[in-house]
Amino acid sequence: MKSKANTQPGQRYVLLVILLASVNQIRSSVTHYSIPEEMKEGSVVANLAADLGLDVKTLNRRKMRLDIISNKKYLDVNKESGELYIVEKIDREYCLTKSSSCYLRLEVVLENPVRIFNIELEITDINDNAPQFRRDVIHLDISESTPKGERFSLSNAVDPDVGSNTVKTYYLSESEYFNIEVQKGREGTQFADLILNRALDREQQAVHNLVLTAVDGGKPPRSGTAKIIVQVLDNNDNAPLFDQSIYSVKLMENSPIGSLVIDLNATDLDEGSNSDLTYSYSLYTPEKTQQSFHLNPSTGEITVKGMLNYEDFNIYDMEVIAADKGVTSLSGQCTIKIQVEDMNDNHPEISIKSFQSPVSENIDVDTVIAVVSVSDKDSGENGVVDLLVPKNMPFKLRESSDNYYELVVSKPLDREKVPEYDITFTVRDRGSPPLSDNETMTLQLLDVNDNVPQFPQSSYTIRVTENNAPGALLSSTSAFDPDLHENQYLVYFIVEKEVANTSMSMLFSINPENGNLYALKTFDYEMEKEFFFHIEARDSGSPPLSSNVSVHIVVVDQNDNAPVIVSPWRAHGSLVEEKIPRSTEKGSLVAKVIALDGDSVHNSRISYQFLQVSDASLFSLDQYNGEIRTARMFSYKDWRHHRLVIAAKDNGQPPLSATVTIKLSTVETAVKAYSDMSEVPLEYDIFSDLNLYLVIGLGSVSFLLLITILVTIVLKCQKVKPSIAVPNGRNSVLSERNSTLADSTLVSNDAYWYSMFLAETRKGKLVVRQPAPKGSRYFVSSIPRSTGMSETSGSAPSTLQYPK
């Protein structure tokens, strides 16, 4: 990748000028750049990708290249960065044509798709050349008889620079015989005439040595010098004469270098050295002419020196001087006009004078879209051109005047089928062989509101879960309109329809810009299950067009209702008490739990299960119908009171549930209720091995009896209040009658219990507070006798017995 070279102020700068030339909406343009000459190789001129709006990443793929209409490739483009950089130093003076300006014409060509950008690069002048005389030494032979005030033409200095950088003035070294007068030529060139101030005396001074200095107007100025040697001679009174004063010559362009143009012939009536002639261009001959043609100073032959181009210059004017070699040289001059004749070496050109784009798609047939002119720099048949457009397009050309054509609509246009046309104008001359060129213009069509909005579906069914948040997005009901701009801008609204005296606009809202449908309220499936209405889409055209679509809102059930237990009936927060005989057989119905759920389908399917049961082996629960039955018959060891907690759970996600607590009491045939007993039997483990259970029970009773006797003896001896132990159990409550426990009570267990509890008195009741570590012992103190409980003495801590 080329990098930018370091530049000096005033010498290394790049001036970017982008000119968008527009005549009656002409869309073609040329990008102009301006750079100084002599920029270093690798210097960046501009970033073409940025200036032309190209994507740098695609330059390689699109095979970007630079075509330079020149003999040398001074510049190139970096395909990685899109930068235009210098490949070879450009000398402005080398590329000068008929004008003082130097332009390089470039074409940036890309493929896929093909695009051509015209670049015009102006090479501006810098003061890099000092004035230089054609001859370092100027010899003048002046007769001593030359009168005072005589003028002598001096060779002017040439400075290839232009403007203020070219030759500004001349200075002559000090001399009492000569001075100079600066003159201005036809093309603005500066030259000096040597003027004789006083008569010469060859006998006093035969040679005068002068120095002529040419200074340009640059900053800082540059200068060049020439030595003037004036030889004082005797008289020579005959000047050379040409056969004609004016010569006319016709010459074909592109004539090969060295071709003979004309052979001049001048004669001098003098003899000897005074008749020997030398041919040279006069000071009034343009520099361009001298560069294009060579004059033989001895023979007077003029030959082609540089390439001739009819389009650059077709007429050259020159003045030739024939000077004799006498002591005092005399001269004569003639004028030569060279006319360059044309060849078919120029491509025809297209100029878009007027181009109407965009146009309405319903534009009338035979309407003029563009006015195009064609031209060719060649002459004769080489300059006669024909203009064509593609035949497969709804357009045709109509000639309006010489070299002017109108592009008119030949068929109706439809933007929805073809939104734009790339119209290629092809121009071809009638030379042999013919040359051609083309230019493509893009015609865009403006939309007309001729299409109704279209919904992607004929109807919408939208499912909304109940308990939705107000303002929640339900669905997008966007429609499509193939038109453009305001004809495509759609407005959505709900077609009013009342259901049960409720307007749809009170239930739903639609975004008028994008068709998003929102719910304005929370829906309840148990109250409303579906809604029907229409949505209309209307464009903003004139007149507007519209269409509608039906919408079906389906409310989907959500598990938002917990089961409600309706049987067995109970007061809020109270237990359900049931009594059954102890002689109830296995499989007998104890109770039936019935729960109802306000939800639907799977959210209302209820299953039942035990959360708590005092004896899991004694009762069974049907999870589907809620029936509680006995799993076996009651035995004499079973507790009289049982606590059953049943949960009714629905099948929703997440599931909801309700519970009911049934306090079940077993009674003998003659039922005797112990209403004063409020304790709940504690849970205990049941061993599967009955024999082991009996052995352990017998040993425990014996051990307890021994411990009780020992404790009783010790207490009586020490006269200490007895301690009472409470059997193990969960959620145990010991109630007392007509008394209040003032002190805290601790509970202990014997070793055969699997869990221990910490208890305390609250308002006269001994309440289990928390499990205690297995094996720990706690002692009950301050138990009033009004509890109705008795203690048994023994060696072990006192145990608490329930009254029968």
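**Cores, loops and a surface patch in a predicted chain**

Leaving aside its neighbours within four places in sequence, L75 is in contact (heavy atoms within 4.5 Å) with V45, L66, I68, L84, Y85, I86, V87, I90, L104, L106 and L121. Apart from the core that holds L75 lies another core, of 26 residues, among them V261, L295, M318 and V340. The structure is a predicted model, in which local features need pLDDT of at least 70 and side-chain atom pairs count only at pLDDT 80 or more, whereas totals for chains, interfaces and linings use all residues. Residues are numbered from 1 along each chain as its sequence is written, and side-chain values use heavy atoms, with hydrogens and water left out.

The largest nonpolar core has 28 residues, and V45, L48, L75, L106 and L121 have the most contacts inside it. Each of β2 (30-36), β3 (44-47), α1 (48-52), β4 (65-68), β5 (75-77), β6 (83-86), β7 (102-110) and β8 (115-124) supplies at least two residues of this core. With five residues, β7 gives the most. A nonpolar core is a set of buried Ala, Val, Leu, Ile, Met, Phe, Trp, Tyr and Cys residues joined through side-chain atoms within 4.5 Å. Buried means under 20% relative accessible area, exposed over 50%, and partly exposed in between, with a 1.4 Å probe and protein chains only.

The chain contains four helices and 55 strands. Helices (H or I, at least four residues) and strands (E, at least two) are DSSP runs, numbered from the N terminus. Of the 804 residues in the chain, 41% are buried. Among contacts in the chain with a separation of 6 or more, 66% are accounted for by residues 24 or more positions apart. The accessible surface of the chain comes to about 44000 Å², and 50% of it belongs to carbon and sulfur atoms. Accessible areas come from the Shrake-Rupley method with a 1.4 Å probe; for residues, only the protein chains shown count as cover.

The loop between α1 and β4 holds R62 and K63. R62 is buried yet has no salt bridge, and D55, the nearest side chain of opposite charge, is 8.3 Å away. A salt bridge is a side-chain nitrogen of Lys or Arg within 4 Å of a carboxyl oxygen of Asp or Glu; for charge, Lys and Arg count as positive and Asp and Glu as negative, while His and the chain ends are not counted. Neighbours within four places in sequence aside, R62 is in contact with L110, E111, N112, P113 and R115. K63 has a phi near 55°, a positive value in a residue other than glycine.

A positive phi, near 65°, is also found for N467, likewise a residue other than glycine. N467 lies in the loop between β35 (459-465) and β36 (473-476) and counts as partly exposed because its relative accessibility is 36%.

The peptide bond from S542 to P543 is cis, with omega near 0°, and P543 is in the loop between β42 (530-539) and β43 (546-556). The bond from S567 to P568 is cis as well, with omega near 0°; P568 is in the loop between β44 and β45 (576-581).

V564, V566, I594 and L596 make a nonpolar surface patch of about 320 Å². Patches are made of residues with over 30% relative accessible area and no salt bridge, like charges being joined within 9 Å and nonpolar side chains (Val, Leu, Ile, Met, Phe, Trp, Tyr) within 5 Å. β44 (564-567) and β47 (594-596) each supply at least two residues of the patch. I594, in strand β47, counts as partly exposed because its relative accessibility is 34%.
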